[in-house]
Each structure stands twice: as C-alpha cells, then as structure tokens.
Amino acid sequence: MDILIKSFNRPYYLDRCLFSIYKNIKGFKNIKILDDGTPEKYLKKILIKYPEVIIIKSETYLKKNKAIEENLKTGKEINGFEIPSKLWIDSVKNSSNYFIITEDDVWFTKSINVDLLSKIMKDKNISLLKLGWLGKKNKKNESMTIADDVLANQIDLFTAPYFIMNMYFFNKYKFFSLLYKLRFVNNESIGKYWELNSILMGMYKKEYWLKIWQNNNGKVNEIRQLLNASMYYRKHKNNKNLICQLKTEAMQTTFVSSSTNSYHSYGFNFDVNIFNHIINEKWYCDNFNPIENYPNDFSETYITSFLDEAQNPKAKSDEWKKWAEKFKDQYRVQGCEVDNN
C-alpha cells in the first residue's frame, strides 16, 4: 500500500506525520510526499531524517516557493486556493489500488496494519475506509460490524440522475432554493454528503478517489467533490459496505495552524505564514521538538514560548490564541471534537 502526503511549507508537522507512520503503521510499501513549494532546505532535512520517503514536486513548486519568499519579504498573501490537483491525481493513478491519502498536519495515533485493512477493503468491496473523523458522531446512521475493527456505515442519501444532482448541489435554476421553500431540504442537507468523503483521513479504493476528483480543474471545489461522490454512491447504492470506518479513530489533525491564510482569515492581526516560518526555522535548527505532547497536538505553552521569543508583530501569541479559537469554532459547530489536545 502507498501512503500519499500532501505537503506545503510545514515541515515541523510533516516530521510529526512521518514519525507517526513509522511508529504505528505496518504493511505499507511507499510513502510519497506530494509537495507544492516547501523550501528546499526543509525537504533536504526531511530526507536526511527519513531517507526512505519519496518526494514528488508539483508543477507549481517554484511558483509557490517564490510566493513563500515574497510573503516573508513584503507580506503579500499566498494564494491557498490554487492547488496542485494534477500532482495529486497523477500520483493516485500511479499508486496501489488501495491507498491512504492525508496531509502534512495529520498524524496517526494508534497502531494499524494497512496491508490487512486493504485486504478487508477488497474482500468486503469497500471504497472508502475512514481512519479518522474528528470525533464527529452521526446519530442518524447505523453501523454494522463487518470485520475486526471495521464498521460499515449504513447511509441513506437522496440521489437522482446527474442533471438533477447538478442543479441540487449548485442551485442551478434555483432548484435547491425551491426545494428549501417547499421544506424538502434545509441548511444541513448538502453537508450530509460529506459522509461519502474524507479529505484528510481516508483509505481509498483508487477508482473512487479519482471519481471524486473528476473535473476539479486545479481549484478547491468541495461541492464538485460531493456531486461526484453522490453519483458514485448512486451507482453503487446497493453496496452496504461502500463507506466504512474503524471502530476507533486512528488519526488526528491540528487546529492551531494552517498552510495559508486563505481559508482562515478572521480579521486578527495574525499571519499564519509568519507563524509557520518561525516554527519551521526552529525545527530546522533542531530547537523545536516535532513530537512534543504526542499523540495530542502541540501544547499551547510550547507554541507560545516560540512566539514570545520571536516577538514578531504579525505572530504575537495573544493574536494566535484568538485565531486558533476561531479556527476551532468552525469545527465545533459541525460536532467535531477539537479540544482533546
């Protein structure tokens, strides 16, 4: 099995991710880091520490690398909405038939044998096995044990031919608005389709992941992903094992950092790019422990010690704390557990 890690300018988290794989995971073949601009000196340090990993750079690597430099010089924002989807898609096409895809700020928290799990996926015809779900509970769906430590999620979602679902997800011809007025749908209706996807913590059948990412055209378009997933679900609706999860979560992610400001700009005097640069440099000089407080996230006091030392006006510890709380709030309202670190 291949493990693919999307990476951008957070080697201190990438280090933690890799540490957790070698500590907890059995049965994998390759670890491929799909990088979109991390400065070369950081990547070289990763390779020294983990010489077995394979680093593949995106077509936009140099452009993103320059964007990091420009941000540090002038404060110009990095465009986080431009994603290296071609690299991701090509890497998946060249991966094992069942694979894990995650990101640099995600790490494993318990031991699993992915070779065994991939065999279960094949035998039980599973397209997505969720390894983590941020503690979010869906009380409406029942789960059924189909193998050791594997539950099949019994999903029941509305589906229709493509042209109808396209109108539904993108509100073409005010179709969704009409359904809303008639009270057939509500503000939570679209979000229910996230049961079919896992951006950060999924073990996938190749065919399914490629279907989800069809026609994304290098931009972040989560609604397009949900539409694609719904069409695959419609075709395989009789497969009750289509979407599964482990009985207990095996992965965790952070809520104290982000790769860019693009998704989490809350109006505070805080630049997450400067924040990452401060921690990156400390990590590069071996002054930052990438597994501090593991398996939970870095402790608040540990992070603030570096920010207080740096005294950068764009990364003060008080502003970072407010920013992180706002970041967590986005997930709290979705029912996620974000305070267990």
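Q: Is D90 buried or exposed, or partly exposed, and what makes it so?
A: This is a predicted model, and in it D90 has a relative accessible area of 30%. Buried needs under 20% and exposed needs over 50%, so D90 is partly exposed.

Q: Why is the contact of D90 and K86 called a salt bridge?
A: The N to O distance is 2.8 Å. The cut-off is 4 Å between a Lys or Arg nitrogen and a carboxyl oxygen, so the pair qualifies. D90 and K86 are four residues apart in helix α4 (residues 85-93), which means about one helical turn separates them. K86, at 46% relative accessibility, is partly exposed.

Q: What makes K41 and E281 a salt bridge, and which parts of the chain do they link?
A: Their closest N and O atoms are 2.9 Å apart, within the 4 Å limit. The pair links distant parts of the chain, with K41 in helix α2 (residues 40-49) and E281 in helix α10 (residues 272-284), 240 residues apart. K41 has 34% relative accessible area and E281 has 23%, so both fall between 20% and 50% and count as partly exposed.

Q: Why is the pair of F327 and Y331 called edge-to-face?
A: The ring centres are 5.9 Å apart, within the 6.5 Å cut-off, and the planes meet at 65°, which is over 60, so the pair is edge-to-face. Both residues lie in helix α12 (residues 317-332), four residues apart. F327 is buried at 5%, whereas Y331 is partly exposed at 25%. Both belong to a cluster linked by ring pairs, whose members include W320 and W323.

Q: How do you know that the charged end of R16 sits over the ring of F298?
A: The charged end of R16 is 4.2 Å from the ring centre of F298, and the distance limit is 6 Å. The rule also asks for a position within 35 degrees of the ring normal, and R16 is listed as sitting over the ring. K45 likewise lies over the face of W283, at 5.6 Å from the ring centre.

Definitions and conventions. Residues are numbered from 1 along each chain as its sequence is written. This is a predicted model: local features need pLDDT of at least 70, side-chain atom pairs count only at pLDDT 80 or more; totals for chains, interfaces and linings use all residues. Side-chain values use heavy atoms; hydrogens and water are left out. Rings of Phe, Tyr and Trp (its six-membered ring) pair if their centres lie within 6.5 Å; planes under 30 degrees apart count as stacked, over 60 as edge-to-face and the rest as tilted. Helices (H or I, at least four residues) and strands (E, at least two) are DSSP runs, numbered from the N terminus. Buried means under 20% relative accessible area, exposed over 50%, partly exposed in between (1.4 Å probe, protein chains only). A salt bridge is a side-chain nitrogen of Lys or Arg within 4 Å of a carboxyl oxygen of Asp or Glu.
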